[in-house]
Each structure stands twice: as structure tokens, then as C-alpha cells.
Amino acid sequence: MKYSGSCHCGNVTFEVEGTLTGAVSCNCSICSRKGALLWFVPRDQLKVSGEKSLSTYTFNKHVVHHRFCSTC
């Protein structure tokens with residue numbers, strides 16, 4: 001199935017192809033506050049437009065790099 005979406009302001013859009021069978025709850029401060037859930041797919045199944053508008057957030061050991069719209 002194909003899923004699409006965008007950030008709140010619309011600067012970043014995405015399309016992803018895959019089967020959503022489950023999600024992971026992230027415990028970082030941003031995801032915890034927003035109630036965000038994560039779903040992992042191979043990079044070639046994800047198309048992102050507006051990547052120049054993205055900022056990176058890391059926490060704890062700085063291993064996982066969460067990408068967020070810098071405008072939103």
C-alpha cells in the first residue's frame with residue numbers, strides 16, 4: 001500500500017510504499033510529547049521532498065537521528 005503525508009506547514013512531503021503491520025513507540029522527548037509512533041521501511045521505499053527544510057534531533061547516545069521540519 002502507498003502512504004503519503006507532509007509536515008504541518010507542507011514544506012516537507014513524503015510517500016512510502018509498504019505494509020504497515022506494527023509501529024514502535026519512541027521515548028525521546030519530542031516523540032513522547034507528540035505521541036508519535038515509528039514505522040521502519042527500507043530507504044528505497046521512501047520518497048521525501050523538501051529535505052532542505054529538515055533539521056536533525058538526537059538524544060542520549062546520539063545514535064538515532066530524528067528528522068523534523070525546521071519551520072514546524
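Is Glu51 buried, exposed or partly exposed? Glu51 counts as partly exposed, at 37% relative accessibility. The model described here is predicted.

## Salt bridges

Side chains of opposite charge can pair when their charged atoms come close. Two salt bridges are present in the structure. One of them joins the side chains of Arg43 and Glu51, with an N to O distance of 3.8 Å.

Lys2 and Glu15 also form a salt bridge, and their closest N and O atoms are 3.8 Å apart. This pair links distant parts of the chain, 13 residues apart: Lys2 belongs to strand β1 (residues 2-6) and Glu15 to strand β2 (residues 13-17). Lys2 has a relative accessible area of 52% and is exposed. Glu15, with a relative accessible area of 35%, is partly exposed. The cut-off matters for Lys2: a residue is called exposed when the value is over 50%, so Lys2 at 52% falls in that class.

## The largest pocket

Rolling a probe the size of a water molecule over the atoms shows where empty space is left. The largest pocket holds about 1300 Å³ of space. Its lining consists of 30 residues, and those nearest the centre are Phe14, Leu37, Leu38, Leu46 and Arg67.

Several elements give two or more residues to this lining: β1, β2, α1 (29-34), β4 (37-38), β5 (46-49) and β7 (66-69). Strand β7 provides the largest share, four residues. Sorted by class, the lining of the largest pocket has 22 nonpolar residues, four polar and four charged.

Note on methods. Residues numbered from 1 in each chain as written. Predicted model: local features only at pLDDT ≥ 70, side-chain atom pairs only at ≥ 80, totals over all residues. Heavy atoms only, no water. Salt bridge = Lys/Arg side-chain N within 4 Å of Asp/Glu carboxyl O. Buried < 20%, exposed > 50% of the residue type's maximum accessible area, 1.4 Å probe, protein only. 1 Å grid on protein atoms, 1.4 Å probe; cavity = no way out; pocket = protein on both sides within 12 Å on 5 of 7 lines; lining within 4 Å. Points joined across faces, edges and corners; volume = space filled by probe spheres on them. Nonpolar A, V, L, I, M, F, W, Y, C, P; charged D, E, K, R; others polar.
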